[in-house]
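I opened my notebook today to look up a few things in a protein model. Here is what I wrote down, entry by entry.

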Amino acid sequence: AVVSTQSTGQQERYKDRMSVVEKMRAETQYLITLVKQLTPFIHNYKAVSAKIHPNLGSGSAWIPGRDGHSVDNMTQIIQTIKEIQPDSDQRIAAIEQAEREKSESKRNKNSQLEEDLVKQKGKLRSVVNSNEDISLL
């Protein structure tokens, strides 16, 4: 009975460790996919930043882990990104313009609906009036 308990305990630990290994494999695969998706962006960013700020690097494409300067270049890129300030005034103006256009569109739609409603009421009145004339005969 002691042997079977030990082997059951070992099996439990083995299953737990295998579960952890599988989770780590899945996370690793996720990270690999993420790096593959980000690499073209980083290549483009590096090329543009080299044109804007020549002191950031030689302008060659940045490939993670393949050159001795990746960490330094990446640190500089991250610092540059942190220093970029969004143009909030332009964004606010664009949002306000979109809200004005939406409001104007809604008003136009409502006025068109009101015109259609008035026309339909007029038609109904003419039908009702013609029915009253027929019934009077």
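**Entry on L38.** I looked up L38 and found it in helix α1, which covers residues 2-52. Helices here are DSSP runs (H or I, at least four residues), strands are runs of E with at least two, and both are numbered from the N terminus. I noted that L38 counts as partly exposed because its relative accessibility is 39%. For these labels, buried means under 20% relative accessible area, exposed means over 50%, and partly exposed lies in between, with a 1.4 Å probe and protein chains only.

**Entry on the model itself.** I reminded myself that this is a predicted model, where local features need pLDDT of at least 70 and side-chain atom pairs count only at pLDDT 80 or more, while totals for chains, interfaces and linings use all residues. Residues are numbered from 1 along each chain as its sequence is written, and side-chain values use heavy atoms, leaving out hydrogens and water.

Accessible areas come from the Shrake-Rupley method with a 1.4 Å probe, and for residues only the protein chains shown count as cover.

**Entry on salt bridges.** How many salt bridges does the structure hold? I found two, a salt bridge being a side-chain nitrogen of Lys or Arg within 4 Å of a carboxyl oxygen of Asp or Glu.

- R25 and E22 meet through their side chains, at 3.1 Å from N to O. They are about one helical turn apart because they sit three residues from each other in helix α1. R25 counts as exposed at 52% relative accessibility, whereas E22 is partly exposed at 41%.
- R107 pairs with E104, and their closest N and O atoms are 2.8 Å apart. Both lie in helix α3 (residues 88-136), three residues or about one turn apart. R107 is partly exposed at 49%, and E104 is partly exposed at 37%.

**Entry on N73.** Is N73 buried or exposed? I found it buried, because its relative accessibility is 13%. N73 belongs to helix α2, residues 70-83. Its C-alpha is 8.8 Å from that of K46, although 27 residues separate N73 and K46 in sequence.

**Entry on the whole chain.** I counted three helices and zero strands, in the order α-α-α. The chain has 137 residues, and 9% of them count as buried. Its accessible surface is about 12100 Å², with 58% belonging to carbon and sulfur atoms.

**Entry on confidence.** The mean pLDDT (the predictor's confidence in each residue, from 0 to 100) is 77 for the chain, and 75% of its residues reach 70 or more. Confidence is highest in α1, at a mean of 86, and lowest in α2, at 72. Over residues 59-63 the pLDDT is below 50, yet this stretch has eleven contacts in the model beyond near neighbours in sequence, a contact being heavy atoms within 4.5 Å.
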